[in-house]
Amino acid sequence: MAAPDSINLKDLSGDWVMNKDLSDDTDYILQMQGVSWFLRKAISLATITLHIKQYTTSDKLTHIDIDQTISGGVSGTTEKRTLDWTFREHSDRIFGKVKGKSQWAKLSEVDDDFLRKGWLDEVNETGVVRAYVESLDSTWTADQVWGFEEIDGKRYYARHVVVRKGEDWKQARLVYDYKGK
């Protein structure tokens, strides 16, 4: 189901299922990140659901907590994002040891064309969520921008992702269906 107009980046709380028909293939990205062939295959066949809780604390910082579940018995990841552009280390079951930072950003602050383009005009008012992760076990980095896009006349929550490892890079658009709160 496309995202209703009442849902925006200021409150993504709810359940979101990756729409594999609208999302790009992530196999090459996961391979660059050192994910095994077996796990990549399991992820490609599984249903991926994001359970998002977004809130603002008394210090006015936005927090986005995401518990990811993957059908087929594969353990998902947990993301605890504080939008203050401060690195935080995390040990992830799929990606290993990483450090990441997140922030509210304007599209004009994003350097990469793929990350910057394709968003609905509403992000000019709300801004976008920008997330950056560095592997501590390897040499890859991942840069993401989150927002809303129109696809086939419908509004969807999406993430644009660019992963780099040395001189190599891959990009993907991940699209999610809203399933409710």
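**Note on the predicted model**

1. The protein exposes about 9500 Å², and carbon and sulfur atoms supply 47% of it. Areas come from the Shrake-Rupley method with a 1.4 Å probe, and for residues only the protein chains shown count as cover.

2. This is a predicted model: local features need pLDDT of at least 70, side-chain atom pairs count only at pLDDT 80 or more, and totals for chains, interfaces and linings use all residues. Residues are numbered from 1 along each chain as its sequence is written, and side-chain values use heavy atoms, with hydrogens and water left out.

3. The protein has four helices and ten strands. These are DSSP runs numbered from the N terminus: H or I of at least four residues for helices, E of at least two for strands. From the N terminus, the order is β-α-α-β-β-β-β-β-α-α-β-β-β-β.

4. Of the 181 residues, 52% count as buried (under 20% relative accessible area, 1.4 Å probe, protein chains only). Strand β9 (residues 154-165) has nine of its twelve residues buried, so it is largely enclosed by the rest of the structure.

5. β9 pairs with strand β8 (residues 140-151) in the antiparallel sense over twelve bridges. Pairing requires at least two DSSP bridges between the strands. Thr141 stands opposite Arg164 in β9. Two residues separate β8 and β9 in a hairpin, where Asp152 in the turn has a positive phi of about 50 degrees.

6. β9 also runs antiparallel to strand β10 (residues 168-180), joined by nine bridges. Arg159 has Leu174 in β10 as its bridge partner. This hairpin, too, has two residues between its strands; Gly166 in the turn has a positive phi of about 65 degrees.

Key. Buried means under 20% relative accessible area, exposed over 50%, partly exposed in between (1.4 Å probe, protein chains only).
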